Amino acid sequence: MDRSGLTADVIVVGAGPAGSSAAIHLAQAGLDVLLLEKAAFPREKVCGDGLTPRAVRELAALGLDTSPQAGWRHNLGLRIWAGRPYPYLMPWPRLADFPSYGLVRRRADFDALLAQRAVQAGARLVQPATVTGPVLDRASRVVGVRTKDGLEHRAPVVLACDGNAARLAIAAGRDRRPDRPMGVAVRAYYASPRSDDLWLESWLELWDGQPGRSHLLPGYGWSFPVGDGTCNVGLGLTDSSAAFGRVDYRQLLRGWLDTTPPQWGFREENRLGPIGSAALPMGFNRRPTYRDGLLLAGDAAGLVNPFNGEGVSYALESGRYAADQIVQARSRGFGSIAAERALAAYPDRLRRAWGGYFRLGVVFGRLIGHPLIMRTAARHGLPLPVVRQLVHRLLANLSDQRPNDVYDVVVNTLSRLTPSA
Ligand SMILES: Cc1cc2nc3c(=O)[nH]c(=O)nc-3n(C[C@H](O)[C@H](O)[C@H](O)COP(=O)(O)OP(=O)(O)OC[C@H]3O[C@@H](n4cnc5c(N)ncnc54)[C@H](O)[C@@H]3O)c2cc1C
């Protein structure tokens, strides 16, 4: 028999970017928020630590100062290696809706900062508190959660932000959609003189020797300069690749890095800490994102961008959308039909934001999963400045809602006309 625990207006499970973002917005709107986190901060999270201007915009909305004076490492855009011996430089675009810089911050630090901000805003953070499953009422509505220590916490609304394992969603019967892409990524930190680089770096082709004269490896690589003497270096693969699930990812990483110039330092003797890996659930891979008192946000809802593997900004943003709907529901009186309408509008809000765009990404991911198509597209498309600019804006999902140039028009139109994922 579980002992009764705490009560609140909302329970948020997991204090990663999705959970802390939601908790901050909810607490700022005056709701009593219980934020339950399995780990104790600071804790590691396997990630590339790269934040695009999309994520920076969300951090601003959370009231965080992301200036270099406040300790943030800014970057200017992407340096892409593909199909030729020297890279392409793709600066972040200058837009009305987004800032023109990205950031790199270790997740151990970044997530602790966000959780601390949630506490400052008034959320009650309990750590460590491992949620084991939902508490259901007689109508099978979620009215709280159980934690490993045998407590039963209660709230009229529960938001699952517990990451890619999505334990709470699964326990509440929300299965993974097999028709959505899934990725795996590995990363490690290396002591490197490239740590102060001002560009995020990414490789669209990985070779195990001389490019063009050796074997093309599956997947895409990155090196993100952390600014503390290290680079976060890793690679990712989606299940559209024939090698998915059949390769030793750590070995793949080492094999690729051994071909990079030795002076960059991406060698075993410079590796600091273990090679970590985790799943990337993409393109709305878990649904419904609201039913019977339980909302899903971030990786728990499978909201990683299928174009580029970015998940932090979608976690932060979905946390904000979920918070908005919960705030509206509370103002109408939790439990009322009007409140239920506000909560039931959350999936539609997500669909309107990214439905068409993610669907495009799913198709794109399937195509570039074939190395030949990827190579041909990179070799013949990227040398053309117009194509390059369009691909850059499309992959990072950066366009002004009110179009200011032809790239905005193309990205917005493609996303709008494509049926929702
Ligand atoms: C190798 C790799 C590299 C990546 N690189 C990037 C990148 O550079 N940029 C980018 O934008 N995205 C990147 N991603 C994706 C990104 O890491 C995720 O999309 C993002 O962390 C999702 O945030 P979230 O808040 O939904 O989940 P998480 O960040 O996973 O947070 C979930 C939280 O819930 C807690 N939790 C879990 N279970 C429970 C439970 N039962 N009870 C209580 N708490 C629980 C966890 O401890 C954690 O704190 C990468 C992913 C991988 C694997």
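Visitor: How many salt bridges does the rule find across the interface of domain 1 and domain 2?

Guide: A salt bridge is a side-chain nitrogen of Lys or Arg within 4 Å of a carboxyl oxygen of Asp or Glu. Across this interface the rule finds three. The side chains of Asp 196 and Arg 73 meet in a salt bridge, at 3.8 Å, N to O. This is a predicted model: local features need pLDDT of at least 70, side-chain atom pairs count only at pLDDT 80 or more, and totals for chains, interfaces and linings use all residues. Residues are numbered from 1 along each chain as its sequence is written, and side-chain values use heavy atoms, leaving out hydrogens and water.

Visitor: How much area do domain 1 and domain 2 bury between them?

Guide: The size of an interface is often given as the accessible area lost when the parts come together. Here the two domains bury about 1,600 Å² (accessible area, 1.4 Å probe, summed over both parts), with 54% of it on carbon and sulfur atoms. Val 46, Arg 73 and Arg 106 supply 37% of the area that domain 1 buries against domain 2, more than any other three residues.

Visitor: Which aromatic pair is stacked, and how do I read it?

Guide: A pair of aromatic rings is described by the distance of the centres and the angle of the planes. Rings of Phe, Tyr and Trp (its six-membered ring) pair if their centres lie within 6.5 Å; planes under 30 degrees apart count as stacked, over 60 as edge-to-face and the rest as tilted. The whole structure holds 16 aromatic pairs. Among them, Trp 81 and Trp 203 are stacked, 6.1 Å centre to centre with 5° between the planes.
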